[in-house]
Amino acid sequence: MPAEAVNLSAFAPSAWVDVPQLRSSIVSRLASHPVRKEPLHTQYLSNAEAALPSRATDARHFRVLKADAGELAAALREIRPQASPKFIPLNEWEGVVESIDLDEGLFWAKLKDRTDPTSPRERAAFDVTDVSENDHSLFREGAVFRWLIGKREDLFGGQERTSRLVFRRMPVYGEREIKAAEAKAALFAAQVTVE
Amino acid sequence: MVGNCDLRESKAQVVAIGSFNPLIFQPHWLAQAGLIGDAELAAADEGNGIELMHREAVIITLQRLRLTVLPERFMIESVEPPLVGVKDFAEKCFGLLSHTPIKQIGLNFETVFRARTREDWDALGDALAPKQPWQALLGDERSGGLVQQTMERGKRFDALQGKITVVVKALEPREKMDTSVMVNNHVDLPENSTGDTLVQHLQAYWDTDHARSEQITNALQELTRAR
């Protein structure tokens, strides 16, 4: 389908907009942007320094393009989204790591079927090597993950059955949030009467 | 299996309309915040996945998510399942950026499915847009059909201000008989809402909005049954 101009006002502002569609509005915005020649990360430092961890304020870690807005708009116009193999999910479970046995190279997990919530809870063993490198820092007892079984379809229509584990990067609540939740629970408990 | 069609793709988006500083969303900040893993950071350090980094717009493709931030729009979308990844990302992100002003939220879900036969695909189009009123205008030859339809419920099913919009769209190329169903669960927040509000909204409404969107999509898929 050819790229369409997006009229964002036609729907709710939060409506679904694909990045390729959004790109056209970014291009027109950048194209009309006043040309600036100063390195962009200079302004970034002054605006956002306070909100960043100290390591990230090191300019070596920035990948800010030092181009003016017109050059950026031209570069962005040239970018074409690349097609990639597609993963079509067939079943999905949520798992919690119960125990890890590195000698055996296995871990045990409790599973809840997300595709059919009426299914009973199950327990299963997984190979430790199935945990992706990107998720190693999350892998511990109590970690929550999704186990997906699906079909991977390549760009030429070829399909293969595949399974994957994806560990969830859930918020970690600090002492303040936990105390607030405990206080709320205590208040709620005080209001409950048992006859 | 729902209807005479096959699932092709499921995606989700969390959209926040408010006031953002795109350049905060540096890969190293995302890594230190625990929003991305070591492999994603290493890839970003080599320039992989960073489509644009500018004070007006940031677009980064991660392992299974794509992040787009403009001064007035934050958008995290799933590139691949599991869809809950977008909720986790937004919840964790705005737990840190808790004072960011936010005016509106969209929890969006898109499903693409492929009809098994042309008759099944036409059954969906005919159910949503009966052809009889059009025959006098465009003739009764069966060629083309419903391209896109938008249906809006002007209020949500809960007490929040907002609306639910469903867009059904026939995708190109038409020979594939693919249909996209996009459900936008929109919320207008009270004045002075912030990142904290978004976190609370995700905790309270993600599951119900996702489940309802699935029900809507399943019901539309059921219409792909030639009579």
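The model is predicted, so to speak of local features requires pLDDT of at least 70, side-chain atom pairs count only at pLDDT 80 or more, and totals for chains, interfaces and linings use all residues. Residues are numbered from 1 along each chain as its sequence is written, chains are lettered from A in the order in which they are written, and side-chain values use heavy atoms, without hydrogens and water.

I begin with the cavity. On a 1 Å grid over the protein atoms alone, a cavity is a set of points where a 1.4 Å probe fits but cannot get out, a pocket is an open set with protein on both sides within 12 Å along at least five of seven lines, and lining residues have an atom within 4 Å of a point. The whole structure holds one cavity of 30 Å³ or more. The volume of the largest cavity is about 250 Å³. Its lining has 19 residues, and nearest the centre are A:V166, A:F167, A:R169, B:L65 and B:G85. Helix 3 of chain B provides the largest share of that lining, four residues.

I turn to the second largest pocket, with about 1,100 Å³ of space. Among its 34 lining residues, A:T115, B:L7, B:S10, B:E214 and B:N218 are the closest to the centre. Helix 6 of chain B contributes the most to this lining, nine residues.

Finally, one surface residue. A:F188 lies in helix 4 (residues 175-191) of chain A. A:F188 counts as exposed because its relative accessibility is 57%, where exposed means over 50% relative accessible area with a 1.4 Å probe, protein chains only.

Conventions:
Grid points are joined across faces, edges and corners, and a volume is the space filled by probe spheres set on the points. Helices (H or I, at least four residues) and strands (E, at least two) are DSSP runs, numbered from the N terminus. Buried means under 20% relative accessible area, exposed over 50%, partly exposed in between (1.4 Å probe, protein chains only).
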